[in-house]
Amino acid sequence: MTATPVIQVEHLRKSYGSTLAVEDVSLTVHRGEIVGILGPNGAGKTTTVECLAGLRDRDSGHVDVLGLDPARDRAALREVLGMQLQESELPARITAREAAELYASFYADPADPLELLDDLGLADRRDAQFRALSGGQKQRLSIALALVGNPQVAVLDELTTGLDPQARRDTWDVVRKVRDRGVTILLVTHLMEEAERLCDRIVLIDAGRVVATGTPAELAAQSAGEHVLRFRSPEPGVAAVLAGVPGVHGFDGPDDGLAYEVRGGPEVVQDVMVALSAAGVRANDVRLERGTLEDAFLTLTGQDKPRDAATGRRSRSLLTRTEA
Amino acid sequence: MTAAPLTPTPAPVPTARPTTATSGRVLARVTRTEALLFLREPSAAFFGLAFPALLLVVLGLFMPWADQPFDEKDPVLSQITAITGYTPIVLALAIATVGFSTFPTPIATYRGNGVLRRLATTPLPSSRVLAAQVLVNVATLVVASVLAVVLGVVVLDISLPADPLALVLGFVLGATSTMAVGCLIAARAPNTSSANGVGMLLYFVSLFFAGVWMPLPLMPEIVQTISRYTPVGAASQAMGAGWYGQAFPATELLVMAAWTLVGVPVAAKIFRWS
């Protein structure tokens, strides 16, 4: 039996007036997955999830969430989809318990609100007013409210923005626990580390389009055609050795600190170390750098291009003027 | 739907339209929560509930003019004390406090900090939050007004209204027309401070036209005429006419009905959820 996707979006398009927020987004989320929608600010991430949660009407495209069309079956969808919005607060003087019980009352088949608060580590803050909660506690209460209706799908938008590193890690643990309860999770984030640590799969969006999809490792590998090996060596003759290694695509060095940077394929480490050793050359501080998700992000979203293009243009024009 | 057919989801999806969130039980619960939040806000609770009665009693007990005739030159107004004459003005103040402050502000706050947006993700129809605010504020207004009148009768020995029907009509339409203007604020104010800014401006102008600073019968004719066409001013004059036993305040009642009939649909049309 093939698993039916929980969320299926095909060629979603949405504009606000003359601004095209989402141009063409397709994505699939299967039951029990944590899927991250990653992209720079303004890429169309929030608009995408708002369209599939029924908070906004799409201009065109097909969206199916648990067999429901968000544009038509809003009432039914809200029973089965929980959503945590960015920058959404609660009344300042409502207590955690009152909020959880109130929101539970909206649903036909809610979770036990007090148990949920306990699960999210808010047991001792039940009777605290919202304004007295810390940033992490507010965020956990927000997750509790997204889950109190016993949803099958939870959409979490910029979950850990503004949290300190410890609170962020705690929140990630909470998300994993939520998934273990059988909830499918769609996570919107612009944080690389969050996507890398938490997501089974990532949909990378830029300027309203999907630019890549895959596991964090697959995405990282996509941009990382080359492995980079760095080491230091005080001895002469290193350059000659490197030039003779077949797997090396290129290298720089030695610089003032006697450091070398060698670029090559997956075997570059072994080949270079063997060759250096055979030539009787010692290498210190050996480090291998592989492509990271961040590299993939920058390459695929073109965030590294404007700067290079600008410098390129400037140096060219300078050159032209000098020549003239 | 022309898009690719999808096989049915194995998970149970509610087929019947869920009705939990639209039930009266949930509205009662939302209203109870909003009432609790109202009472936890010290300034709203004080100004909404206690201030009108406190103002009336303090003026009645400590002002030398309180038991003088309201207006010696007027055949009707010379028959009542000044503090009796001031009572419908205090009721107009109670209406303005609720309509321009405690009613619209929480809704603007909920818009500003995303509470309305969060509710939009739940099955609760967002209109329930507005309904709850109306109920809480109407209850506040009734309690504040009854408290002021009862204390006025018991402590200050004010005389009872001569024409209770005109008084009640003036009070009810005063509340609906002022809250209609409050709805306009609630419909658009993007956050707490903008709602407070607009609300307080309207509040103090309205108190002037209601005769809180100086009773209307003592003010120039032109001020009385303008006052008659503002919601709170018309409420003050209609309730005054009913209390003092003057001619039936038909113009004022029609003015307030018009404010209500125009303000509420316009507010509903321009209302923003986020």
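1. Two residues count as being in contact when their C-beta atoms, placed from the backbone, lie within 7 Å. With that in hand, A:Ala144 is in contact with A:Ala100, A:Leu116, A:Leu117, A:Leu120 and A:Leu122, once its neighbours within four places in sequence are left aside.

2. A few conventions before going on. This is a predicted model, in which local features need pLDDT of at least 70 and side-chain atom pairs count only at pLDDT 80 or more, while totals for chains, interfaces and linings use all residues. Residues are numbered from 1 along each chain as its sequence is written, with chains lettered from A and ligands numbered from 1 in the order in which they are written.

3. Now the core. A nonpolar core is a set of buried Ala, Val, Leu, Ile, Met, Phe, Trp, Tyr and Cys residues joined through C-beta atoms within 7 Å; buried asks for 20 or more other C-beta atoms within 10 Å of the residue's own, with C-beta atoms placed from the backbone. The largest such core has 154 residues, and A:Ala144 and A:Val153 touch the most other members. Its largest share, 14 residues, comes from helix H7 (residues 164-188) of chain B. Helices here are DSSP runs (H or I, at least four residues), strands likewise (E, at least two), numbered from the N terminus.

4. Domain bounds come from an automatic or database domain assignment, which for chain A gives domain 1 (5-219) and domain 2 (225-299). A second, separate core of nine residues includes A:Leu229, A:Val262, A:Val268 and A:Val272.

5. How far apart are the centres of domain 1 and domain 2 of chain A? Taken over C-alpha atoms, 43 Å separate them. Their contact takes seven residues from domain 1 and four residues from domain 2. On the domain 1 side, helix H7 (192-198) and helix H8 (216-223) of chain A each give two or more residues, and H7(A) has the largest share with three.

6. The contact between the chains takes 32 residues from chain A and 30 residues from chain B. On the chain A side, strand S1 (7-16), strand S4 (60-65), helix H2 (74-80) and helix H3 (96-104) each supply at least two residues. H2(A) gives the most, with five residues.

7. Chain B, finally, comes to eleven helices and zero strands. Its C-alpha trace spans about 85 × 35 × 35 Å along its principal axes. Of its 274 residues, 47% count as buried.

Technical notes. A residue is buried if 20 or more other C-beta atoms lie within 10 Å of its own, exposed if 12 or fewer, and partly exposed in between; C-beta atoms are placed from the backbone.
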